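User: I have a chain open here and want to talk it through. Can you take me over the main points?

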Amino acid sequence: MNKQTLVAVAVFAALLVAFFATREKAVSVGVQKFEVARLTKDEVGSVELKSAAGTVTLTRGANGWTVADSKKPGASYAADDGQVQALLEALAEFKASDFVTEKPEKHAELEVDEAKGTVIKAGATNKALEVVLGKASKSGGAYVRTAGAPAVFVTQSGLQYQVKQGLTAWRKKGVVTVGAADLASLTVRHADGSSFTLKAADGGGWAPDLELPKGFRFSPSAALALVNQLATLTAQDFAEGAFDAPQAHTFTATKKDGAAVTVKLAAAKRDDGTVAAQVEGDAQVYLLPGYQAQALDKSLDDLRELTLVDFDPAKATKLVLTAGAKKTVVVKEGETWKLVEPKAAPEFDAAQVPAVLSRLRGLRGLSWVGEAPKTAFAAPSAIVEVTVDGKPVRVVFGAETGADSRVYVRGSIDDAAYTTGVFEKTQWSSGPELFKKPPPPPDFGQMNGLEQLPPEVRAKLMEQLRQQRN
């Protein structure tokens, strides 16, 4: 290597060292950076969310967070802790990296002005975070700028979804603050004067605290569902003023430590489909979704066991389906089920019989009727009979009830009548079609575009397919 080459190499090396030594400083000159105060979850004392729709203020207090609305001076409400904690996490991690513009005339277009944007002020001791969040960016995320500064950036923070909520979204919607496992009893008093009490039993179950009528089959699972429904009541909205219901049901839940909580539930729905409820000692009127109120409004009869038959499908030897003049008979010979009647049914799959028997074993009524009208079973619409240990087990479908697409049904487990869906009667009347081999699951390997899925997603789909085939 000659002298000139050595000199050139030395010069290049010196320039390379100089480049890396000054690189950060060089690229930083003139580059806009998004800078805001860094706040931790525990030090934030208040958060103000101001938009064209109004101002919502969240405040940390001795008893937790409260929320207030500028449209209702002097009024504050308990805030939803889950919502607040998610907001605090988003504030603690808030950042924006992509610079967009520093032209103030672009603020209105990007909705980072105070007229269209959402101004977020998070306060802590001796410091605060204040930004203006705008509309969604075309590349994802949302436009944002520090209040008082012209530079606009794009943030991918989840804060953009959390702050654009009204007062109702921030309020605590849990009606009862007690867990089902902490309860010792529940007394239900209906508007018509009827009442019953349930008591917690060993093992987490529930039982009635009264002598049941002869033949009454009580359902512990239905009782548990009622208790859980009360413990997890969640408001859809809130009403102003006093609880005003001419007729109401009352639910008194007593904790294991003796403390009690009482919930009043209006007996009628409001025009919007919600049902008013109130906790004793709490002036707030909660508006429950109609389905929650319906699940809570249960009589003792609604807590009956609704199974229709009880047998071991593995011990069944014969199954007969009758619907009018249509009759289907399958018999077990050894370990194989065979179709005896009708003679020809090319789609009969013996492997489906155990599944059909299991389905029959799990058949339940939708409601208890007790003594049905004389015409209910005068002309059965379908009869299902299975022979188990030489004895018949039957389910008889009767006439339609005339309401809610239901039919009367009766099983061998007791003499009571029940209701079930018309679709059940239709399916059990289908005869050999019950035993058709189901169509194979879709072959994901032949689906166009599967190769575009992420490898881990594609692997999970293929594994599910293999399990369905086995």
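Analyst: One term before the surface figure: accessible areas come from the Shrake-Rupley method with a 1.4 Å probe. On that basis the accessible surface of the protein chain is about 26,600 Å², and 52% of that surface belongs to carbon and sulfur atoms. Keep in mind that this is a predicted model.

User: OK. How many helices and strands are there in the chain?

Analyst: The protein chain has 10 helices and 25 strands.

User: And what share of the residues is buried?

Analyst: Of the 470 residues in the protein chain, 39% are buried. As for contacts with a separation of 6 or more, 56% are between residues 24 or more positions apart.

User: Let's look at one helix. What length should H6 have, and what does the model give?

Analyst: H6 covers residues 220-231, which is 12 residues. At 1.5 Å a residue it should span 16 Å, and because its end C-alpha atoms are 17 Å apart, the two values agree.

User: Which of its residues are buried?

Analyst: In H6 they are Ala223, Leu226, Val227, Gln229, Leu230 and Ala231.

User: Switching topic. Where is Val112?

Analyst: Val112 sits in the loop between helix H3 (107-110) and strand E6 (118-124).

User: Buried or exposed?

Analyst: Val112 has a relative accessible area of 0%, so it counts as buried, the cut-off being under 20%.

User: What does it touch, leaving out close sequence neighbours?

Analyst: Not counting residues up to four places away in sequence, Val112 touches His107, Val132, Leu133, Gly134, Tyr143, Val144, Arg145 and Val152. Also, the C-alpha atoms of Val112 and Lys135 are separated by 7.4 Å, with the two residues 23 apart along the chain.

User: Last thing, cavities. How many of 30 Å³ or more turn up?

Analyst: A search of the whole structure finds one. The largest cavity holds about 30 Å³ of space.

User: Which residues line it?

Analyst: The lining of the largest cavity is made of Leu321, Thr322, Ala323, Lys326, Lys327, Thr328, Trp428, Ser429 and Gly431. Strands E18 (316-323) and E19 (326-333) each supply at least two residues of that lining.

User: How do they divide by type?

Analyst: The lining residues of the largest cavity comprise three nonpolar, four polar and two charged.

How values were computed. Residues are numbered from 1 along each chain as its sequence is written. This is a predicted model: local features need pLDDT of at least 70, side-chain atom pairs count only at pLDDT 80 or more; totals for chains, interfaces and linings use all residues. Side-chain values use heavy atoms; hydrogens and water are left out. On a 1 Å grid over the protein atoms alone, a cavity is a set of points where a 1.4 Å probe fits but cannot get out, and a pocket is an open set with protein on both sides within 12 Å along at least five of seven lines; lining residues have an atom within 4 Å of a point. Grid points are joined across faces, edges and corners, and a volume is the space filled by probe spheres set on the points. Helices (H or I, at least four residues) and strands (E, at least two) are DSSP runs, numbered from the N terminus. Ala, Val, Leu, Ile, Met, Phe, Trp, Tyr, Cys and Pro count as nonpolar, Asp, Glu, Lys and Arg as charged, and the others, Gly among them, as polar. The expected span of a helix is 1.5 Å times one less than its number of residues. Buried means under 20% relative accessible area, exposed over 50%, partly exposed in between (1.4 Å probe, protein chains only). Contact means heavy atoms within 4.5 Å.
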